[in-house]
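Subject: Handover of a structure and the findings from it

Dear colleague,

Please find the structure below, passed to you for your own reading. The findings follow directly after it.

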Amino acid sequence: VYQVFQSVAKKYDVMNDSMTLGIHRIWKDIFVRKMNPSPGTLLLDVAGGTGDIAFRFLSYVRSVRERQLQRKLRQQQNLSWQEISETYQEDKVKSLGDSRVVVCDINKEMLKVGKQKAQHLGYSEGLSWVLGDAEELPFDDAKFDVYTIAFGIRNVTRIDLALREAYRVLKPGGRFLCLEFSHINNPLLSRLYDLYSFQVIPVLGEIIAGDWKSYQYLVESIRRFPPQEELKAMIEDAGFFKVNYQNLNAGIVAIHSGFKL
Amino acid sequence: GKACLSRTEPKALDGRSGEEEAVSYQLYPGHIPTSPLQKVLLAAGSAAMALYDPYRHDMVAVLGETTGCLALPSLRDKMKHHPEGYRILQERPRIRLSTLDMARLRGLPPGSLGREYVRFLEDNKVSPDTRMPPKFVDDEELAYVIQRYREVHDLMHTLLGMPTNMLGEIVVKWFEAVQTGLPMCVLGGAFGPVHLSTRKLQVLATQLVPWAIRNGHNASCILNVYYEQRWEQPVESLREEIGILPPP
């Protein structure tokens with residue numbers, strides 16, 4: 001799996017756009033909206049390599065923060081100029097409101113691409129990049145408010161270990177969120193999806209990235225991944241409560257969510 | 001040549017259960033079995049990508065493999081019916097740096113095939129090892145034929161006296177198009193000039209391409225020459241033997 005992502009890293013984003021016809025962006029938008037993070041949240045994004053979730057998270061909390069500040073300012077219409085400028089100063093520093101995201105990935109190349117993207121897109125504060133293994137996270141217990149893993153968990157050899165690690169590093173009250181390819185129940189759609197996956201995706205991989213084999217592997221790993229109910233059970237086994245899932249696009253993709261109580 | 005894509009293809013590859021069987025259909029190392037639909041998509045995609053980014057040599061290779069299903073068997077038959085070609089098919093010689101004795105070739109007298117070939121490789125800073133191995137050809141012998149065609153390409157340059165710049169490559173492509181009938185050569189020769197200046201286009205159209213086409217028709221099949229046994233032969237004599245006229 002490691003070698004697959006080494007060769008895939010640089011063309012990852014291009015391939016994602018081509019394979020999903022850009023829809024993966026919408027999926028990730030919905031994912032972060034479901035997370036609905038408030039300013040001050042500490043997020044751990046695992047297998048977050050090129051930063052898609054992290055950047056969306058930062059934009060989201062920044063806009064929430066802006067609205068908070070605007071509301072605060074409106075309430076302060078009657079204060080003196082001195083008092084207003086003081087509060088404005090201290091708030092200005094916290095445009096993110098202390099929200100931070102740690103992007104953790106097992107692959108150096110993916111992190112490198114992510115860092116470059118961050119620079120290019122102008123994300124500087126509130127971001128850290130850490131090399132780490134989802135099955136054995138380099139973090140202390142109960143550190144994070146939210147744990148996310150988007151399109152990463154299917155590449156983990158021992159999913160149960162990754163889930164247990166997720167549980168460990170989350171604070172009580174913390175939320176586990178997982179975005180992943182899943183199973184389509186509808187037989188007709190399922191046939192069409194299979195046709196597309198097996199016939200078109202490796203071809204796209206060969207044409208765009210010069211790499212048939214990695215994308216063949218990708219399609220196969222999606223088929224092997226546990227379906228929605230099974231994954232839900234695994235998440236519950238790790239200790240999470242109120243576990244549910246939401247299908248996107250009839251089950252091509254599913255968001256699983258659970259809480260540590 | 002798309003009509004021939006309805007050849008027998010393992011149908012199991014369309015579904016999930018086909019994955020295990022796909023490996024058993026691997027006919028040679030590096031072979032990736034593909035369905036007819038995949039071949040069509042690959043042909044179209046590789047053609048578009050090769051036009052968009054001419055440095056994607058792997059795309060040219062893929063285009064050659066996916067569209068060569070008529071030309072390759074006919075090439076193989078030409079080889080089978082010629083004594084030297086037949087021997088090549090039996091012995092399957094490969095041209096790579098590990099099998100060539102570069103020092104010996106360099107020591108050969110100037111004007112000999114070996115010496116001029118090495119001179120060509122060094123002048124243009126190319127190596128025979130950069131040729132893509134075939135992936136999408138579904139016949140093990142035909143895979144060798146296309147591999148041989150690729151490895152002999154540099155010798156074509158040497159015999160035609162063409163450098164590896166855009167112009168030289170296009171001229172060689174036209175020659176190869178007439179010789180092999182590979183659609184990829186025809187497409188390469190026709191669309192390659194898209195990236196050239198008008199002055200070069202003129203030289204190409206008026207002098208070089210007609211000469212290349214004439215040579216292609218005049219010359220005997222270039223895949224039927226056992227180059228590895230002719231390193232000492234003077235280039236001029238080999239040109240005469242095959243029927244290649246000197247460049248304008």
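A:Cys178 counts as buried, because its relative accessibility is 0%. A:Cys104 is likewise counted as buried, again because the relative accessibility is 0%. Please note that all of this refers to a predicted model.

A disulfide requires the two sulfur atoms to be within 2.5 Å. A:Cys178 accordingly takes part in no disulfide, the nearest cysteine sulfur being that of A:Cys104 at 15 Å. Over all chains, the count of disulfides is zero.

Confidence in the model

The scores for the model are ipTM 0.77 and pTM 0.78. For chain B, the average pLDDT is 83, and 90% of the residues score at least 70. Among the elements of chain B, the highest mean pLDDT, 92, is found in helix 2 (residues 36-52), and the lowest, 47, in helix 1 (residues 18-24). The pLDDT is below 50 over residues 1-22 of chain B, although this stretch has 37 contacts in the model beyond near neighbours in sequence. I would ask you to keep these values in mind when you view that part of the chain.

The largest pocket

The volume of the largest pocket is about 1100 Å³. Its lining is made up of 32 residues, and those nearest the centre are B:Pro54, B:His57, B:Val60, B:Glu169 and B:Lys173. Which helices each supply at least two residues of this lining? They are helix 2, helix 3 (57-67), helix 8 (140-160), helix 9 (166-180) and helix 10 (183-191) of chain B.

Helix 9 of chain B also holds B:Val171. B:Val171 counts as buried, because its relative accessibility is 0%. Leaving aside neighbours within four places in sequence, the contacts of B:Val171 are with B:Met162, B:Leu204, B:Leu208, B:Trp211 and B:Ala212. The C-alpha atom of B:Val171 is separated by 6.0 Å from that of B:Val209, a residue 38 places away along the chain.

Loops of chain B

B:Ser112 belongs to the loop between helix 6 (102-107) and helix 7 (113-124) of chain B. Is B:Ser112 buried or exposed? B:Ser112 is buried, as its relative accessible area is 2%. A polar atom of the B:Ser112 side chain lies 2.6 Å from the backbone oxygen of B:Pro109. With neighbours within four places in sequence set aside, B:Ser112 is in contact with B:Trp231, B:Glu232, B:Gln233, B:Pro234 and B:Val235.

The loop between helix 7 and helix 8 of chain B contains B:Asp129. B:Asp129 is partly exposed, with a relative accessible area of 34%. Not counting residues up to four places away in sequence, B:Asp129 touches B:Arg96 and B:Leu97. B:Asp129 and B:Gly30 are 99 residues apart along the chain, and their C-alpha atoms are separated by 16 Å.

Loops of chain A

A:Gly210 sits in the loop between helix 8 (187-209) and helix 9 (212-224) of chain A. The relative accessible area of A:Gly210 is 33%, which means that the residue is partly exposed. Which residues does A:Gly210 touch, not counting those up to four places away in sequence? A:Gly210 touches A:Gly205 in chain A, and B:Arg56 and B:Asp58 in chain B.

A:Leu21, which is not a glycine, has a positive phi near 55°. A:Leu21 is placed in the loop between helix 2 (12-20) and helix 3 (23-35) of chain A, and with 68% relative accessibility it counts as exposed. A:Ala142 is not a glycine either, and its phi is positive at about 50°. The loop that holds A:Ala142 runs between strand 3 (127-131) and strand 4 (144-150) of chain A. A:Ala142 is partly exposed, with a relative accessible area of 33%.

Yours sincerely

Notes
Residues numbered from 1 in each chain as written. Chains lettered and ligands numbered in written order. Predicted model: local features only at pLDDT ≥ 70, side-chain atom pairs only at ≥ 80, totals over all residues. Heavy atoms only, no water. Buried < 20%, exposed > 50% of the residue type's maximum accessible area, 1.4 Å probe, protein only. Helix = DSSP H or I, 4+ residues; strand = E, 2+ residues; numbered from the N terminus. Polar contact = N/O pair within 3.5 Å; in protein donor to acceptor, adjacent residues only side chain to side chain. Contact = heavy atoms within 4.5 Å. pLDDT = per-residue confidence, 0-100. 1 Å grid on protein atoms, 1.4 Å probe; cavity = no way out; pocket = protein on both sides within 12 Å on 5 of 7 lines; lining within 4 Å. Points joined across faces, edges and corners; volume = space filled by probe spheres on them.
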